[in-house]
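The stops below can be followed one after another.

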Amino acid sequence: MNFSDFIGNTDTVGVLRRMVEKQRLPQTLLFTGPSGVGKATLARLLTAAINCDRTPGGICGGCSNCLRILQADLSREEFALQFAEREKLPSAKRVENPLVISTHPDFLVFPPDGPLRLITIEQARFLRTAAQFRPSGARRRVFLIDHADRANTEAANSLLKTLEEPAEALTLILTAENPYDLLPTIRSRSIPFHFAPLSVAEMERYLDARSDIRTTDRARLIGWSQGSPGLALALDLEAYGERREAMLALLRSALATASYGDLVAQTDRLAKRRQERLDLLTESLYGLLQDLLHLRHGSSRLLIHEDIRGELARLAQTASFEWIEGAVARLAELDALVRRNIQKQIALEALAVGLRRAMRAEAITGTESKA
């Protein structure tokens with residue numbers, strides 16, 4: 001892969017490339033934006049460009065440095081299998097061996113670890129120790145802390161100490177979906193670059209280059225991935241459809257257009273699938289609520305779930321702006337509890353009950369005001 005293959009965020013890519021060409025890459029970079037829009041991919045490309053043996057500032061793709069650095073793509077199947085096996089380990093074993101991916105000695109990747117997917121204190125301590133060494137086979141070392149906004153308190157404080165004592169010939173690249181989950185002192189020591197979701201045209205261009213994507217799936221992938229190429233490739237359309245149907249059942253129940261029993265049937269089925277993560281379900285519900293909001297206010301933009309526009313339009317007639325706003329607030333509260341490993345079936349059913357109660361209260365208030 002080369003810079004020419006990178007789609008989207010053209011201005012950001014151009015600025016960072018010029019920094020590399022002029023050998024003026026900062027000590028700490030902060031890449032923010034939605035998951036899957038290319039933050040980690042660009043980090044790999046920049047690292048390869050810094051250290052390419054044949055075309056400094058560019059990527060030949062054939063030298064030892066380029067080949068090994070570009071192999072650190074965590075979306076590859078071998079890494080997915082490694083992470084799945086690691087999650088089965090007891091916590092003590094993971095503590096003994098912090099998760100660090102290194103396909104090149106001067107490019108280290110620190111991804112979230114464990115069932116709760118956090119950047120741990122053990123990883124941060126390993127990073128601080130490793131930061132003291134000089135490059136062993138490259139011009140400059142690069143450490144990628146992927147999803148740095150998932151660092152726990154201890155890890156964040158340890159990372160801050162590394163930033164306060166910058167090592168020579170080392171660049172740290174932090175990625176974060178929400179930069180405000182990082183310590184303000186970490187943000188202040190980083191040069192920020194925001195990565196926006198890809199446009200529909202850019203997503204079409206990206207999928208054009210993929211021979212493994214069926215034409216019949218493209219429209220749904222473009223909508224469901226919300227401008228994220230990484231998500232488009234990772235999406236299991238069947239599993240995503242099942243999650244969406246469960247969240248639709250929740251909305252129907254909450255808006256009193258279907259019985260509570262329909263929701264229980266859906267959540268009961270999901271509860272039997274232990275690998276089904278609550279955060280993926282809440283993400284699906286966020287998308288449905290966003291579509292309801294756009295339909296409620298007559299937006300002409302394409303919906304995330306364009307394929308069920310008719311049903312969502314009917315639900316939108318029942319959902320007021322205040323109800324949608326309250327639903328998002330309640331969902332955010334639930335989202336904050338995801339990392340506590342709460343029981344997803346009970347959590348979703350309780351959410352539906354709370355939203356239905358809010359619907360009834362809104363109806364009573366409306367009746368009283370008319371009286």
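Begin with the hairpin that E2 and E3 form, in which two residues lie between the two strands. This is a predicted model, in which local features need pLDDT of at least 70 and side-chain atom pairs count only at pLDDT 80 or more, whereas totals for chains, interfaces and linings use all residues. Residues are numbered from 1 along each chain as its sequence is written, and side-chain values use heavy atoms, with hydrogens and water left out.

Select strand E3, residues 107-110, together with E2: the two pair in the antiparallel sense over two bridges. Strands (E, at least two residues) and helices (H or I, at least four) are DSSP runs numbered from the N terminus, and two strands count as paired if DSSP finds at least two bridges between them. Show histidine 104, whose bridge partner in E3 is phenylalanine 107, and then isoleucine 101, whose bridge partner in E3 is valine 109.

Now widen the selection to the whole open sheet, where six strands follow the order E2-E3-E4-E5-E1-E6 with mixed pairing. Strand E2 (101-104) and strand E6 (191-194) stand at the edges with a single partner strand each, so one side of each is left without a neighbour in the sheet. Neighbouring strands of this sheet are turned by 20 degrees against each other on average, direction ignored. Contact here means heavy atoms within 4.5 Å; axes are lines fitted to C-alpha atoms, for helices over the stretch in contact, and angles run from 0 to 180 degrees between N-to-C directions.

Next, select helices H6 and H7, which pack at an angle of about 10 degrees with their axes 8 Å apart. That makes H6 roughly parallel to H7, given that angles under 35 degrees count as roughly parallel, over 145 as roughly antiparallel, 65 to 115 as roughly perpendicular and the rest as oblique. Show side chains where Ile121, Ala124, Arg125, Leu127 and Arg128 in H6 meet Glu154, Ala155, Ser158, Leu159, Lys161 and Thr162 in H7. By class, this contact of H6 with H7 has five nonpolar, two polar and four charged residues; Ala, Val, Leu, Ile, Met, Phe, Trp, Tyr, Cys and Pro count as nonpolar, Asp, Glu, Lys and Arg as charged, and the others, Gly among them, as polar.

Stay here for the largest cavity, which holds about 50 Å³ of space and is lined by Phe110, Ile119, Gln123, Ala124, Leu127, Ile145, Leu159 and Thr162. On a 1 Å grid over the protein atoms alone, a cavity is a set of points where a 1.4 Å probe fits but cannot get out, a pocket is an open set with protein on both sides within 12 Å along at least five of seven lines, and lining residues have an atom within 4 Å of a point. Grid points are joined across faces, edges and corners, and a volume is the space filled by probe spheres set on the points. Helix H6 (121-130) and helix H7 (153-164) each supply at least two residues of this lining, and H6 gives the most, with three. The lining of the largest cavity divides into six nonpolar, two polar and no charged residues.

Move on to the second largest pocket, of about 360 Å³. Among its 20 lining residues, select Val200, Ile222, Gly223, Leu302 and Leu303, the closest to its centre. Helix H9 (200-208) and helix H10 (218-225) each supply at least two lining residues, with the largest share, five residues, coming from H10.

Finish at helix H14 (residues 278-296) and helix H15 (residues 309-318), which pack at about 70 degrees with their axes 9 Å apart and are therefore roughly perpendicular to each other.
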